[in-house]
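Please look through the sequence and the 3D structure below before reading on. The briefing that follows goes through a few topics in turn.

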Amino acid sequence: MNIDVNLGARSYPIIIQNNLLENLDEYIKNEVFVVTNTTVNRLYGKYLKKYAKKMVVIKDGEKYKNISTFEYIANQLLAAKIERKDTVVALGGGVVGDIVGYVASSVLRGVNFVQIPTTLLAQVDSSVGGKVAVNTKYGKNLLGAFYQPKCVLIDPNVLQTLPERQIKTGLAEVVKYAFIEKTACDTFDESFTFYDFLSTKDYRQNYENIIARSCQIKADVVSADEHENNLRAILNLGHTLCHALENLTNYKITHGEGVSIGLKFAFDLSLKLGLVGSEYHANAISLLKTLGLKTEIPRGMKADKIIQLMKSDKKVVSGEVNFVLPCGKYDVTRKVLQDELLIKEILP
Ligand SMILES: NC(=O)c1ccc[n+]([C@@H]2O[C@H](COP(=O)([O-])OP(=O)(O)OC[C@H]3O[C@@H](n4cnc5c(N)ncnc54)[C@H](O)[C@@H]3O)[C@@H](O)[C@H]2O)c1
Ligand SMILES: [Zn+2]
């Protein structure tokens, strides 16, 4: 299955195919520079080795998504005499994709970049759209760029080795796409919605399909608003609360766990504001639960602290809490909320 991200001269394809890693000859014609981490290298490095002029392997973990690792990768590429026409392949989850993309955007002022995402989250979200970054002591993803890959190669079979908790974290972003499909998509078809698909089909039998639909929805949004001036902000549905919870738990919860809790919270807020009816609200939350996703804010979190953190979210406009909220089936709207009391009524 192929999905196109339409960005004029920088357009690129997302190719989704089971066993793609065993058929890379079709896609990799010249020697490339490969960057991966220790875990993914052990599992899948062998498929890339024969194409690699140089394999760079970084340590596994979000804490290595920093400027030191950036420097390490850049030095390894420069030592191996990378040239402007060369291609760097990122093989791994969102951490590898984000940091390698940022290196690719900077080394020699930009070399070609290809993503081979290996987590569900990376396959449906982080590998598409061109946001690349590293973390700093001031916060996550604060040094970065918009730098689009030349293509994204997705092999759903690699999900067989992905731990269940990581599958769930990707699934939270997948279901988010179902909640925004109408607002996001030129190709929206009321008679065959992603929401209905997820509600009726076993996603484990359909990874190719759910990845393709997710990528299509994200591609439509990114094509319309690459630099997040407007529409792209709807991808933050569920994320305002998520960022606060990640911060409060010191990243003990996964991103997807924060997102699914944030999705439930957004629906609760919408119900309270009369933006959605009780039937759609109940149905949406039941979908989250059926998919096995977390919906409750962890115990011991104080409402005041959560609100304070939501106000300092980097996507906040002048101190007010800026939400993306469901406003009808598969439809969302952006709302600035001044009424803290209303938010408090929903928080624990
Ligand atoms: N650029 C964007 O638009 C964007 C969007 C969302 C998230 N992100 C970033 O993505 C990162 C999170 O990505 P992630 O959830 O993929 O985490 P991750 O990259 O840390 O991967 C999760 C774990 O799974 C392991 N792994 C990867 N593929 C595997 C496989 N096939 N089998 C077994 N284990 C495997 C990894 O080594 C790691 O231990 C964060 O840094 C976040 O900021 C970026
Ligand atoms: Zn997210």
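This is a predicted model: local features need pLDDT of at least 70, side-chain atom pairs count only at pLDDT 80 or more; totals for chains, interfaces and linings use all residues.

Is F267 buried or exposed? F267 has a relative accessible area of 1%; the cut-off for buried is under 20%, so F267 counts as buried.

**Aromatic rings**

- The structure holds 12 aromatic pairs.
- One of them joins Y195 and Y330, whose ring centres are 5.3 Å apart.
- Y195 belongs to helix α6 (residues 194–200), while Y330 is in the loop between β10 (321–326) and β11 (332–337). The pair therefore ties together parts that are 135 residues apart in sequence.
- Y195 and Y330 are both buried.
- Another pair is formed by F267 and Y280, with ring centres 5.4 Å apart. Here the planes are at 75°, so the pair is edge-to-face, as the cut-off for that class is over 60 degrees.
- F267 sits in helix α9 (residues 255–272) and Y280 in helix α10 (residues 278–290), and the two residues are 13 apart. This pair links distant parts of the chain.
- Like F267, which is buried, Y280 counts as buried, at 8% relative accessibility.
- The residues of both pairs belong to a cluster: ring pairs link F179, F188, Y195, F267, Y280 and Y330.
- A ring can also have a charge over it: the charged end of K176 sits over the ring of Y177, 5.1 Å from the ring centre.

**Surroundings of ligand 1**

- There are 25 residues around ligand 1, and E62, K65, T118, T119 and T161 come nearest.
- T118 has an N or O atom in its side chain that lies 2.7 Å from a nitrogen atom of ligand 1.
- For D98, the distance from a side-chain N or O atom to a nitrogen atom of ligand 1 is 3.0 Å.
- With K140, the ligand atom is an oxygen, and it is 3.3 Å from an N or O atom of the side chain.
- On its own, ligand 1 has 870 Å² of accessible area, and the protein covers 86% of this.
- Sorted by class, the shell around ligand 1 contains seven nonpolar, 10 polar and eight charged residues.

**Two contacts between residues separated in sequence**

- V321 is in strand β10, and V321 counts as buried, at 1% relative accessibility.
- How many residues apart in sequence are V321 and T240? They are 81 residues apart in sequence, yet 8.3 Å apart in space, C-alpha to C-alpha.
- F70 lies in helix α2 (residues 67–79). The relative accessible area of F70 is 14%, so F70 is buried, given the cut-off of under 20%.
- F70 and V103 are separated by 33 residues in sequence, and their C-alpha atoms are 6.2 Å apart in space.

Key
Residues are numbered from 1 along each chain as its sequence is written. Chains are lettered from A and ligands numbered from 1 in the order in which they are written. Side-chain values use heavy atoms; hydrogens and water are left out. A residue is near a molecule or strand if one of its heavy atoms lies within 4 Å of it. A polar contact is a pair of N or O atoms within 3.5 Å; within protein, one must be able to donate a hydrogen and the other to accept it, and residues adjacent in sequence count only if both atoms are side-chain atoms. Accessible areas come from the Shrake-Rupley method with a 1.4 Å probe; for residues, only the protein chains shown count as cover. Ala, Val, Leu, Ile, Met, Phe, Trp, Tyr, Cys and Pro count as nonpolar, Asp, Glu, Lys and Arg as charged, and the others, Gly among them, as polar. Rings of Phe, Tyr and Trp (its six-membered ring) pair if their centres lie within 6.5 Å; planes under 30 degrees apart count as stacked, over 60 as edge-to-face and the rest as tilted. Helices (H or I, at least four residues) and strands (E, at least two) are DSSP runs, numbered from the N terminus. Buried means under 20% relative accessible area, exposed over 50%, partly exposed in between (1.4 Å probe, protein chains only). A charge sits over a ring if NZ of Lys or CZ of Arg is within 6 Å of the ring centre and within 35 degrees of the ring normal.
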